[in-house]
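Open the model in your viewer and keep the selection panel at hand. This tour goes from one selection to the next.

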Amino acid sequence: MLYNATNGIVEIENGNMDFISFGNGDKVLIMIPGLSDGLKTVKGMAKVMAMMYKCYAKSHKVYVISRKNNLEKGYSTRDMAADYKAACEKLSVTKADVFGVSQGGMIAQYLAIDYPELVEKLVLAVTLSKQNETVEKVVSSWIKMAEKNDYNSLFIDTAEKSYTEKRLRKYRPLYPLLSKIGKPKSFNRFIIQANACITHNAYDELDKIKCPTLVIGGDSDKVTGPGTSEEIAGKIKNSKLIIYKGLGHSMYEEAKDFNTKVMEFISSIRLRPHHLLCTQSYSGKGYDNNFTENMTAITNRLRNDDNTTVDIVFSTDDICSKCPRMIEVDLCESNEKVKRLDEKVVAYFEIAEKRYLYQDIIREINAKMTSEIMDDICSECEWYPYCQTLKP
Ligand code: SF4
């Protein structure tokens, strides 16, 4: 079957949610769609979505999950996040990369805030964290169109506000046809979701998000308004920001390298410099189960997949993120000591804060390593007795 593409429905305590899944990877990716989910859920879309997002299928098992089917009036993005957490539990997903688009990004913010143990890496695309004049005006007008049962206007206005002029020149001739298909039997679900969009306000809590986060948007977004991605990235310390110039709310469809950028972010491993040494000598011992489980998974990938890339960061990294000694981003209980180790590794092996192929950089380090250098870098580390067999 095509990437194991499967349609499903997951029962949660207060309802059920349509989902599709595909992919064969060891990791899990949860994708949360935008407001269009209020018009049509992902039901029956498994094969189409597996083709659209096949680039994620090798490294991840991907779940695209709709909001629950019977949304109650007044349901908030935070309530929806609680449903996604419940769905993950039912699907036996305990850890996942989470990728939310538009309203999906709002829900993803609350997943990372309220259930940090679930979210490994977070991708927030074309979304916002608090209200502004543009989104209130645009989404309120969509609610009015839906209340009047006017799908034609809703379809056209959504397209006009989302796509670039170049894409619209292709789409406009198709409006008469496209605006006649896809009309839902009821707009209730859409209206509830749209109201949740214009009451979403996670801004003040964004600094609770500690996992690595990619914030990605367009500088011409006529739905969210300007500067919303920058606003989010400014509040999440451990974030990376990508802004596409000239693209708007459908940037994730129009930017040719969008999925490549997301894939690079979620598949690359972030390592602080001295962990280039620890990942070679690690033998399964660590601070606690959570730590060793994570470090074992990371070292297995680094050692067994020759194509694994690492992003060197002069800060806490993907190993620190599951360490009981990490206090917050860029702050370890032994900060002075670990920073000293990092600085020595940088100086001896000329390591820069950039992306490397792990096997290449390890070869370069090992070519320069001597017993004296290793003693100088590692002798104050409590784990050094376990690394003696690796000494040159
Ligand atoms: S002890 Fe500090 S540097 Fe080492 S993994 Fe834990 S948080 Fe990171």
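Two strands count as paired when DSSP finds at least two bridges between them. Keep that in mind for the first stop. The model is predicted.

**Stop 1: the sheet.** Select strands S9, S10 and S13. They form an open sheet of 3 strands in the order S9-S10-S13, and the pairing is mixed. Look at the edges: S9 (269–271) and S13 (355–357) stand there, each with a single partner strand, so one side of each has no neighbour in the sheet. On average, neighbouring strands are turned by 35° against each other, direction ignored.

**Stop 2: S10 against S13.** Select residues 309–312, which are strand S10. S10 runs antiparallel to S13, and 3 bridges join the two. Which residue of S13 stands opposite Thr 309? Leu 357 does.

**Stop 3: a helix pair.** Select H4 (residues 133–147) and H8 (residues 188–197). They pack at an angle of about 165°, and their axes are 10 Å apart. Angles over 145 degrees count as roughly antiparallel, so that is how H4 runs relative to H8. The crossing of H4 past H8 is left-handed.

Now show side chains. From H4, the contact uses Val 135, Val 139, Trp 142, Ile 143, Ala 146 and Glu 147. From H8, Phe 190, Ile 191, Ala 194, Asn 195 and Cys 197 take part. Colour the contact residues by type: 9 are nonpolar, 1 is polar and 1 is charged.

Definitions and conventions
Residues numbered from 1 in each chain as written. Predicted model: local features only at pLDDT ≥ 70, side-chain atom pairs only at ≥ 80, totals over all residues. Axes fitted to C-alpha atoms, helices over the stretch in contact; angles between N-to-C directions. Helix = DSSP H or I, 4+ residues; strand = E, 2+ residues; numbered from the N terminus. Parallel < 35°, antiparallel > 145°, perpendicular 65-115°, else oblique. Left-handed = near helix turned anticlockwise from the far one by under 90°. Contact = placed C-beta atoms within 7 Å. Nonpolar A, V, L, I, M, F, W, Y, C, P; charged D, E, K, R; others polar.
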